[in-house]
Amino acid sequence: MEIAGARTDRLGLLLDQFDKAREMAQVRLAGLGDEEYLWEPVPGSWSIRRRGEAATPRAFGPGEWVLDLGDPDIPANEYAEVARQAAGGMTVEKIADDWSVSVERVEQILAHTGTPEPDETPITTIAWRLGHLHFHFAGGWEWTFGERRREPKQLVDFTPSAAVALDRFWALIDRWRDSVAGVTEEQLDTVGFSQYPYGSDPDDPFIAVLAGANLELIHHMAEIALLRDLWRARFTTSG
């Protein structure tokens, strides 16, 4: 069914949302240069770095450049997601495994979900946000439409070149979109159609995975857009 050119079926709605988000993101990223791509808004920002210069204990990647990743924990801005997982029937043990934290840490968060805590989410560079998205979608494709065997953290060759990173990213995003467009109604409802190992995908119907992937693209691209605004205004003074 279509209304004024817009699809209203479940998959169509998600594809239209994805397409619009992609279009807006590509426009917003036009003209991104290497200096801006790697700019650190504050000292110690997470970014991509040469392997021997990694600033975090679990930085990863298959090549010379790796993506920062800290010790396992759950950022305060994800506590609501932990509560949602628990409410949806996931065991504490499964949640702990998904987030690579201890069962005790999950229990602590669930016991204080409504209590505000300082948000220790790291400040990141545009390179980090884009690399994180690339890693997420590359792994999502491999563990849904691919061979379902390759480690997601070894799929993306991170690069200090903004132009190269974007070319690779858009190609991957287009492959994801083309594959998603061929999903059947039955597959949308199939629990575990995606076996992506870093998250709850194996326990969710694929339509929920798709909705989550759309949100991942939207919120990280919004953060990149803000970083571009801050870069442009970095030397502005209030007078």
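Trainee: What share of the contacts in the protein with a separation of 6 or more comes from residues 24 or more positions apart?

Mentor: Contact here means heavy atoms within 4.5 Å. Residues 24 or more positions apart account for 65% of the contacts with a separation of 6 or more. This is a predicted model, in which local features need pLDDT of at least 70, side-chain atom pairs count only at pLDDT 80 or more, and totals for chains, interfaces and linings use all residues. Residues are numbered from 1 along each chain as its sequence is written, and side-chain values use heavy atoms, with hydrogens and water left out.

Trainee: Which elements does the protein have, and in what order do they run?

Mentor: Helices (H or I, at least four residues) and strands (E, at least two) are DSSP runs, numbered from the N terminus. The protein has nine helices and four strands. Their order from the N terminus is β-β-α-α-β-β-α-α-α-α-α-α-α.

Trainee: Which residues touch the most other members of the largest nonpolar core?

Mentor: In soluble globular proteins, nonpolar side chains tend to be buried together. Buried means under 20% relative accessible area, exposed over 50%, and partly exposed in between, with a 1.4 Å probe and protein chains only. A nonpolar core is a set of buried Ala, Val, Leu, Ile, Met, Phe, Trp, Tyr and Cys residues joined through side-chain atoms within 4.5 Å. In this protein, buried residues make up 42% of the 239. The largest core has 48 residues, and Y37, F137, W176 and M221 touch the most other members. At least two residues of this core come from each of α1 (10-28), β4 (65-67), α6 (126-142), α7 (162-181) and α9 (206-232). Another core, of 10 residues, lies apart from it and includes A76, Y79, V82 and A96.

Trainee: What is W176 in contact with, leaving aside its neighbours within four places in sequence?

Mentor: The partners of W176 are F18, F137, G140, W141, F145, F206, L210 and A213.

Trainee: Is I95 buried or exposed?

Mentor: I95 counts as buried because its relative accessibility is 0%. I95 sits in helix α4 (residues 92-99). Beyond four places in sequence, I95 contacts V82, Q85, A86, M90 and V106.

Trainee: Is R22 buried or exposed?

Mentor: R22, in helix α1, is buried, with a relative accessible area of 14%. Not counting residues up to four places away, R22 touches W170, I173, D174 and L217. R22 and I173 are 151 residues apart in sequence and 8.5 Å apart in space, C-alpha to C-alpha. D16 is also found in helix α1, but D16 is partly exposed, at 31%. D16 touches A6 and R7, with residues up to four places away again not counted.

Trainee: What is the phi of R148?

Mentor: Most residues other than glycine have a negative phi. R148 has a positive value, near 55 degrees. R148 lies in the loop between α6 and α7 and, at 31% relative accessibility, counts as partly exposed.
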